[in-house]
Amino acid sequence: KKKVEHQLKLEIKEKLKGSARNLRNSANIFFDDYQLKYRLRNYDQCDVIFNHFISSPHGLGIQKLLAQQCQVQGLRTGIVGFLNLLAMELPEFNDILPLRHGDKGFKFNLSSKTCQEIVEQCSYIYSFYEKFHLLNPDPEGYIYLANLATQIEQKACLLRRLLETSEPKLVILSHGKVLEDTAMQIACQNTDTPSMLIPHGFPQRSLSPLTASFVMSYCPHHDDYLRKISATSTQIMKLGWLEPRVTLTDDCYNSSAHITQEQEKYNILFLSSLSGWEVHRCESLLERVPDILKALNKMSEVETINVRLRRNEFNDLVIKTLLNACAGSKLRISGIDSPITDDLKSCNLIIAFNSTGLLYGPY
């Protein structure tokens with residue numbers, strides 16, 4: 001038995017060495033083909049830097065709104081991202097900080113020891129998840145985790161160089177959990193640069209807490225929730241919900257849609273976010289939605305049911321099949337070319353599995 005155990009340990013050790021070697025090679029290629037081709041010129045000093053990696057109307061809209069306020073206060077602003085920022089019109093920012101090609105003066109190498117440590121830690125973490133059936137068994141699954149960890153290390157190192165060059169007083173984040181925001185938080189910690197996170201909706205609970213210096217809250221109830229999912233050193237501060245200012249038109253605030261005692265009919269806006277079942281690992285969402293829609297269709301109090309789909313959901317075969325199965329005379333589908341303001345004004349009751357969608361109701 002001892003001989004077998006010893007042999008297994010040797011095999012695992014050799015496998016880890018080989019994985020670390022492969023990962024190290026891919027990391028070096030990553031830096032040669034990607035990071036070393038991005039150049040950090042000597043930027044002017046910035047007071048506030050915005051971390052922009054996901055091009056969404058609400059995220060960039062809020063960043064533009066805050067950048068304008070910064071400029072009013074005489075603060076110099078910059079926006080950083082790996083996407084092609086130069087092709088965008090961004091007059092709200094004094095400095096555009098794309099990580100560009102041709103950086104010959106900066107190189108970061110992962111040592112074999114560091115690579116092996118990353119692989120070993122990821123292997124242990126993956127075995128823990130397998131033990132509790134949180135992931136499907138995959139002998140090489142931990143390599144995926146190790147690659148993610150390596151990417152964060154690389155991006156954090158690059159962003160640290162940027163912060164050292166531009167010396168901002170504050171970095172503003174808009175997501176918190178994407179790789180680039182995680183890397184920026186590490187870079188901020190390593191340079192003692194304060195960071196501020198403006199979360200989208202209600203961030204999900206995670207084993208890893210939010211680590212920004214400041215997390216901005218919509219309301220007192222949001223305060224309590226954010227304290228539970230943030231690091232003890234993080235300060236929760238009130239900001240209000242800025243998203244409607246950049247996504248809703250002014251006439252939405254003058255909407256007269258409401259339920260009267262005489263009317264007693266519901267025109268329902270159903271924000272299903274059906275594609276969210278994959279992101280949030282909630283397969284039961286696909287089972288519950290048809291049952292709810294069928295039940296609503298039978299209720300005499302319900303006049304119309306408007307199911308608003310996201311852009312990526314219109315051509316989704318699973319979602320198409322699901323909605324066809326519960327089609328009824330009251331069911332309508334909207335999205336893509338229909339502004340959410342039109343749907344909000346024509347309905348008097350909003351139902352959603354999406355926390356951010358529910359927040360739009362009062363507006």
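Q: Where do I start? How many helices and strands does the protein have?
A: Start with a count. The protein has twelve helices and eleven strands. Keep in mind that the model is predicted.

Q: What share of the residues is buried?
A: Of the 363 residues, 43% count as buried. The protein exposes about 20,500 Å². Carbon and sulfur atoms supply 52% of that area.

Q: How do I read contacts along the sequence? What share of them joins residues at least 24 apart?
A: Take the contacts between residues at least 6 apart in sequence. Of these, 67% join residues at least 24 apart.

Q: How do I read a sheet? In what order do its strands lie?
A: First the general idea. Strands of a sheet pair through backbone hydrogen bonds, either parallel or antiparallel. Here, an open sheet of seven strands runs in the order β3-β2-β1-β4-β5-β6-β7. Its pairing is parallel. The edge strands are β3 (95-98) and β7 (235-238), and each pairs on one side only. From one strand to the next, the twist averages 25°.

Q: Which strands pair with β1?
A: Look at both sides of β1. Strand β1 (residues 48-51) pairs with strand β2 (residues 77-81) in the parallel sense, over four bridges. β1 also pairs with β4 in the parallel sense, over three bridges.

Q: Which residue stands opposite F50 in β2?
A: That residue is I79. In β4, the bridge partner of F50 is I172. Move along to N51, and you find V80 opposite in β2.

Q: Which way do the residues of β1 point?
A: Sort them by direction. V48 and F50 point one way, while I49 and N51 point the other way. All four are buried.

Q: How do I check the length of a helix? What span should α2 have?
A: At 1.5 Å a residue, the 16 residues of α2 should span 22 Å. The end C-alpha atoms of α2 are 23 Å apart, which agrees. After α2 comes G74, whose phi is positive, near 80°.

Q: Which residues of α2 are buried, and what covers them?
A: The buried residues are H58, G59, L60, G61, I62, Q63, L66, A67 and C70. Their cover includes β1, β2, β4 and α7 (243-247).

Q: How do I read a core? Which residues have the most contacts inside the largest nonpolar core?
A: Look for buried nonpolar residues joined through their side chains. The largest nonpolar core has 23 residues. Those with the most contacts inside it are I49, V80, L163, V171, M184 and V215. The elements that give two or more residues to this core are α4 (141-166), β4, α5 and α6 (220-229). α4 gives the most, with five residues.

Q: What does V171 touch, leaving aside its neighbours within four places in sequence?
A: With those neighbours left aside, V171 is in contact with I49, L163, M184, C188, T193, P194, S195 and M196.

Q: How do I judge one residue? Is I268 buried or exposed?
A: Compare its relative accessible area with the cut-off. Buried means under 20%. I268 has a relative accessible area of 1%, so I268 is buried. I268 lies in strand β8 (residues 266-271).

Q: Which residues is I268 in contact with, leaving aside neighbours within four places in sequence?
A: The list is L296, V302, T304, I305, N306, C347, L349 and I351. Take L296 as a case. I268 and L296 are 28 residues apart in sequence and 9.2 Å apart in space, C-alpha to C-alpha.

Q: Where is G357 found, and is G357 buried or exposed?
A: G357 is found in helix α12 (residues 355-360). With a relative accessible area of 8%, G357 is buried. Not counting residues up to four places away in sequence, G357 touches L271 and I350. G357 and G201 are 156 residues apart in sequence, and 8.4 Å apart in space, C-alpha to C-alpha.

Conventions
Residues numbered from 1 in each chain as written. Predicted model: local features only at pLDDT ≥ 70, side-chain atom pairs only at ≥ 80, totals over all residues. Heavy atoms only, no water. Pairing = 2+ DSSP bridges. Axes fitted to C-alpha atoms, helices over the stretch in contact; angles between N-to-C directions. Buried < 20%, exposed > 50% of the residue type's maximum accessible area, 1.4 Å probe, protein only. Contact = heavy atoms within 4.5 Å. Areas by Shrake-Rupley, 256 points an atom, 1.4 Å probe, with all protein chains shown as cover. Expected span 1.5 Å × (residues − 1). Core = buried A, V, L, I, M, F, W, Y, C linked by side-chain atoms within 4.5 Å.
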